Structures are given as C-alpha cells and as structure tokens.
Amino acid sequence: MTPTLQNSAISTKRTSAPIAEAVPSPADRPAAEISLTTIVANYQALQSLCPSAEVSAVVKADAYGHGAAQTASALFENGCRTFFVAYPHEGVDVREAVGDDADIYVFHGVSEQTLHDVAAAALRPVCNTLDDIKFWKTSQLNQGFALHFDTGMNRLGIRVEDVEAVKALCQDQMPALVMSHLAQADRSDSELNDKQLELFKSVAADFPSARKSLSSTGGIYLGDDYHFDLVRPGIGLYGGGPAYPPSIKLTPALTLTAPILSVFDLKAGDPVGYGSTFTARTDMTVATVALGYADGYLRSASNYGFGVLKGTPCPVLGRVSMDLTTIDVSDLETRPKTGDRIEFIGPKAGLEIQAEALGTLGYELTSRLGGRICKNWRTLGD
Ligand SMILES: *Cc1c(COP(=O)(O)O)cnc(C)c1O
C-alpha cells in the first residue's frame, strides 16, 4: 500500500495561533463575524454543568462553519484537550492548530487512503465496525483508538451483539475511549435515552481501562448520569442547539450580515423575484441584499426568512436566488441606504429562530454558510 501524501509538512510544534489578523470584510459582500471569546464562554458554561467530566470540543465541518483551526486553538488556550472531527483531513488541520498536547478523535475512522495522515498527525480513529478494528490492528499503530457502539440510534457504530468479538479483537490493544451517541438527546422525557444509557453502561463495563463518553450537547442537559468521563458538545459551543437549562446561558458566536445593493418602492400588485411568488398587497419599500443560496442562505428562506435592521425585522419577499434576497423594509422609521448591512444571524436575528423559519436547525444553517462569505474571527479586545 502506498499511502497518498496529502499533507507532508504537518508541524508537530505549535508555532503561533493560526488566527488571521482581522481584516475588514469587503463592504459589498456578506460577512460572518465569529467571536472566539463567546465560544470559550460557552465552553466554560458547559463545563460548569458537568464538573466531574472532561469537556471536549466537536469541531467537525469546520467547527459547524465557525472555523475549526481558530475554534480549536482558542479552546486549547482555555484548557480544552480533546477534539473530535469527522474526517482525518479535518484532524490534520486541528493538529496544526493545537500542537501535540491534545487528543484528536476522528468519528469516521481511518482507511487505507487516510492512514498516512492519521499516523503523521497522531489522530485517534473511532472504530465503527469490526472491520475497522481489524484494519486498525493491521496498521500496527498504537496512538490510541475509540470504539463506537450503537446503543439504539441505528445509524453508525458497532452492533452491541458483537461485543464479545470486539473484546477478543482488543486483547492486545485496549481502546482509549468507548463511546455511543444518543438519538433523542434533545428530549428529556425520552424512554430511548434511558434504554441507551443502560445499554451503554453494560457494554462500556467490558472495557474497564477505557474512558467513557455518551453525550453531545443535548446529553449534557440530561444530567450527571449521562456525563461519564467525557462529554462531546458541538452545537452548544457555538451557542445553538436544544434549550439549555436556566443555570447557564449560551450565546451564538456567529453574526451574519449582508449589504443592501438597492432600495426601491413597489406599488400594490407588483410581484417580486423568480416565479413572482410574492405580490405586494399595498405600496411598500423593499431592499435587495447581497446574500443568496450560494452563500448558504437556503432557498427555503423564500417568503419565510427574515433580516433585521436597527432592531426591526424585515421579512424575505419572494424567492431567495443564488446571489440575492429581497426583503421588506417598509416598517423602518428611516428609509435604509445602499450599503447598510442587514443582520440575518446574530444577537437580533437569533440563529435557531432564523433556522426554524428556513425549516431547519442552527446546525445546518451555520455549517452550510458558503465560500463567498468573508469570515472574521475576533477575541474580546480586538
Ligand atoms: C456531531 C456529533 C456530536 C456533537 O453533537 P452536538 O449535538 O452538536 O453537540 C457528538 N457526537 C457525535 C458522534 C457526533 O456525530
């Protein structure tokens, strides 16, 4: 096997924080401002809920659109020592950002193609099948690995019936971590949570030397029983996800704004956009904004999404197109101007509220923010 060399210069020493200097975003483009200070505060709030467990950080999919290297680096600086990604190439980026002194687990595990990266960046694969464990054994690497058991979600993970076969395979190298994942972590009244908890306890007991992990963000809110040694929040770090308990407060870390390209008046009866799916019922003032589905502002926002300007909600009118969205600015006290920036996600346009208007969740909205959006990372005081 000749492993493909994807990243030959993986630094093993942490040189400097990879946070780019905040460059002002071009005024004519959509922009996302990401507060690393907020992500760290959210991390600390989650830690306060599980004092006896280590809090890791799930930074897959470019930290749900928040920048994996920047997020991991800021959290590492503030004590986080375990990270989860979906793919080895994501793990390589995180390793470069945080240096040697952290465990980086790869949910999708390792394959022949990615073995080189996994070895070079000292990543820990999560084994989701018996074949994954066998492959890991043939690699002869011993930097640690995880076992992921499926305890009832029926998505990915080793079937619990196979636990004896797993034990036999793991005799010469025990897993560093045994994990499972809850299907209904966002529901505190779910019977499936109790079932998964009991099943997880029983399979995990077969691997006494391994650390145990069951909960993502929602599971943290289910209480101590669900925390084990390590919790794996993703969305909570970014300030979204299921309702959090009253003892903490999480804040969305990302603010998405887009500039107005044109402001004009409509007469009653005038249609708006492709397919003319909106027709003005009265005279009104509208603004067209530089933001579209190519930027990740989903087409399902058509006639449902909203922007906010100076605290006033401005509903989306008609279809969202690839680069443009038209909004109703009739309710504003003063007529907005070209170049004014409309908030679509942020302190006024709540992430989960916007996401719900689009028929989705905060997870999908931030992780799909497109490549044309200028991202800027800030820490308090910048
Ligand atoms: C994505 C993921 C998480 C993080 O989930 P959140 O709901 O974002 O906290 C944890 N564990 C696994 C296995 C995941 O796939």
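Q: How many residues surround the ligand, and which are the closest?
A: Start with the shell. This is a predicted model. Here 14 residues surround the ligand. The closest are Lys60, Tyr64, Thr217, Ile235 and Tyr363.

Q: What is the make-up of the shell around the ligand: how many nonpolar, polar and charged residues?
A: Sort the shell by residue class. The residues divide into 7 nonpolar, 4 polar and 3 charged. Tyr counts as nonpolar in this scheme.

Q: Which polar side-chain atom lies 2.8 Å from an oxygen atom of the ligand?
A: A polar contact is a pair of N or O atoms within 3.5 Å. The side-chain atom belongs to lysine 60. Isoleucine 235 also places an atom 2.8 Å from a ligand oxygen, but that is a backbone N or O atom.

Q: How much of the ligand does the protein bury?
A: Compare the ligand alone with the ligand in place. Alone, the ligand exposes 390 Å². The protein buries 91% of that.

Q: Which pocket is the space taken by the ligand?
A: The space taken by the ligand is the largest pocket.

Q: Which domains does the assignment give?
A: Domain 1 covers 5-14 + 35-238, and domain 2 covers 254-378. Their centres, taken over C-alpha atoms, are 36 Å apart. Domain 1 gives 10 residues to the contact, and domain 2 gives 8 residues.

Key
Residues are numbered from 1 along each chain as its sequence is written. This is a predicted model: local features need pLDDT of at least 70, side-chain atom pairs count only at pLDDT 80 or more; totals for chains, interfaces and linings use all residues. Side-chain values use heavy atoms; hydrogens and water are left out. A residue is near a molecule or strand if one of its heavy atoms lies within 4 Å of it. A polar contact is a pair of N or O atoms within 3.5 Å; within protein, one must be able to donate a hydrogen and the other to accept it, and residues adjacent in sequence count only if both atoms are side-chain atoms. Accessible areas come from the Shrake-Rupley method with a 1.4 Å probe; for residues, only the protein chains shown count as cover. On a 1 Å grid over the protein atoms alone, a cavity is a set of points where a 1.4 Å probe fits but cannot get out, and a pocket is an open set with protein on both sides within 12 Å along at least five of seven lines; lining residues have an atom within 4 Å of a point. A molecule sits in a cavity or pocket if more than half of its atoms lie within 2 Å of its grid points. Domain bounds come from an automatic or database domain assignment. Contact means heavy atoms within 4.5 Å.
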